[in-house]
Amino acid sequence: SSAASDVYKRQVIDAVCRAGLRSGAAVLHVDSSPGAGRTVITAAGEPEAVKDAALAMIRAAVERIDMRVHRGVHPCIGAADVCPFVPLYKTTLADCAAYAREVGAQAAAELDVPVYLYGAAAADPLRAELAVVRRGGYAGLERRFARGAFKPDFGPAEFKPKCGAIAVGARPILVAFNVNLATATLETARRIAADIRRARDTGAEQLTACQTIGWYIEEYHCAQVSTNITDYIRTPLEAVYRAVDIQARRLGSSAAGAEVVGLLPRAALCGAESSAEAVSAAVSRLGLSSVKPFIPQRRILECALESAFGKLF
């Protein structure tokens, strides 16, 4: 039954989170979407604790998730799929790249799973973009290995039907920002996503750090333009929302609020303004509570860090 399935999923997510907590890291936030078929877990702490937690959570996911029965619209290559290390406080991107390589090698050796390095940790600059590593998705892994193409950085170059593969990398803070559309038509979302990519690639300055795809999310009963904003200073959330709305109106629809997946820095919401009023106004303008409540104290990175550690990293 669907209820039994949901309980099972919650049990899996809880087990993965407990694995991280036992390793000494703090689990700051858990964001799960049945329609996307994806759960984003944000953990933080001192480097050794975070490395141990990452390996423990990868282990728990690989043991408990069976990709052969996985369903969801979000691109992925495996049960653990992607593990990014993100620098905070005095930790550098180079530090995170070293941690990613260490954890990637350990995961491959212990779990006998193919591991790819991406971002600042990539050994091959052609694999720096996560989209390149994920190309073809889980369904394409078997063909990839059968052709002897795209050998993993660590682990076996063979298809593992149950767990797939893992991408482990290092990158700066990314904001996962999904704009809801006033339509349930998947094709509309895909056309808008393509229009945004075209505008970005032809020089639209405020869209240079925006990656987009279009999909339909069943639990929201609407199509979305899903975006990853890799630099929220160069590409403000409001610029992305406005661009999606403009393209949507050309197709007879409109933007209808948005959601953030995971956490985001306060500056991504309201720039240099840090007051509660500025945050509230930004949440309202972007419609961030349109599909589920956006509680700033739980969703803003700085608030989550202060709550967990009593200080900012």
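The count comes to 18 salt bridges, a salt bridge being a side-chain nitrogen of Lys or Arg within 4 Å of a carboxyl oxygen of Asp or Glu. This is a predicted model, where local features need pLDDT of at least 70, side-chain atom pairs count only at pLDDT 80 or more, and totals for chains, interfaces and linings use all residues. Residues are numbered from 1 along each chain as its sequence is written, and side-chain values use heavy atoms, with hydrogens and water left out.

Start with Asp31 and Lys292. Their closest N and O atoms are 3.0 Å apart in a salt bridge. Asp31 sits in strand E1 (residues 26-33) and Lys292 in the loop between helix H9 (276-286) and helix H10 (296-299), so the pair ties together parts 261 residues apart in sequence. Helices (H or I, at least four residues) and strands (E, at least two) are DSSP runs, numbered from the N terminus. Asp31 is buried, at 6% relative accessible area. Lys292 is partly exposed, at 24%. Buried means under 20% relative accessible area, exposed over 50%, and partly exposed in between (1.4 Å probe, protein chains only).

Lys292 also forms a salt bridge with Glu259, with closest N and O atoms 3.8 Å apart. This pair links distant parts of the chain: Glu259 belongs to strand E9 (residues 255-261), 33 residues from Lys292. Glu259 is buried, at 6% relative accessibility. Asp31, Glu259, Lys292 and Arg299 are linked in a network of salt bridges.

Now turn to helix H7. Asp245 and Arg249 both lie in this helix (residues 237-250), four residues apart, about one turn. They form a salt bridge, with closest N and O atoms 2.9 Å apart. Asp245 is buried at 16% relative accessibility, whereas Arg249 is exposed at 55%.
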